[in-house]
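Please look over the sequence and structure first.

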Amino acid sequence: MFLLFFLVLLIQFFTYWIFEPLASFLEYVLEIRLFPIIALVGLVFLFSAKNIKQN
């Protein structure tokens, strides 16, 4: 029982240690104040792409 509890705590610790920086970075990048900049870059990239087939 204690071994199972220890393994669960260990898995939770390593999951937090691995994914917390990624989640923190995505939370900062995807804040509302940065969304217009991201949307503008996305639209420019979308409409500047050349068509695969040009007739």
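A residue is called buried under 20% relative accessible area, exposed over 50% and partly exposed in between, with a 1.4 Å probe and protein chains only. By that rule F13 counts as partly exposed, at 49% relative accessibility.

The model is predicted: local features need pLDDT of at least 70, side-chain atom pairs count only at pLDDT 80 or more, and totals for chains, interfaces and linings use all residues. Residues are numbered from 1 along each chain as its sequence is written, and side-chain values use heavy atoms, without hydrogens and water.

Of the 55 residues of the chain, 0% count as buried. The accessible surface, from the Shrake-Rupley method with a 1.4 Å probe, comes to about 5,900 Å², and 77% of this belongs to carbon and sulfur atoms.

The chain has 2 helices and 0 strands. Both are DSSP runs numbered from the N terminus: helices are H or I with at least four residues, strands are E with at least two. The expected span of a helix is 1.5 Å times one less than its number of residues.

| Helix | Residues | First to last C-alpha | Expected span |
|---|---|---|---|
| α1 | 28 residues | 40 Å | 40 Å |
| α2 | 14 residues | 20 Å | 20 Å |

α1 bends by about 40 degrees at F19, and the proline P21 follows within four residues. The bend is the angle between axes fitted to the seven residues ending at a residue and the seven starting there.

Rings of Phe, Tyr and Trp (its six-membered ring) pair if their centres lie within 6.5 Å; planes under 30 degrees apart are stacked, over 60 edge-to-face, and the rest tilted. The count comes to 2 aromatic pairs. The ring centres of F13 and F14 are 5.4 Å apart with planes at 65 degrees, so this pair is edge-to-face. F14 and W17 are also an edge-to-face pair, at 6.0 Å centre to centre and 65 degrees. F14 and W17 lie 3 residues apart in helix α1, about one helical turn. F14 is partly exposed at 37%, whereas W17 is exposed at 56%. Ring pairs link F13, F14 and W17 into a cluster.
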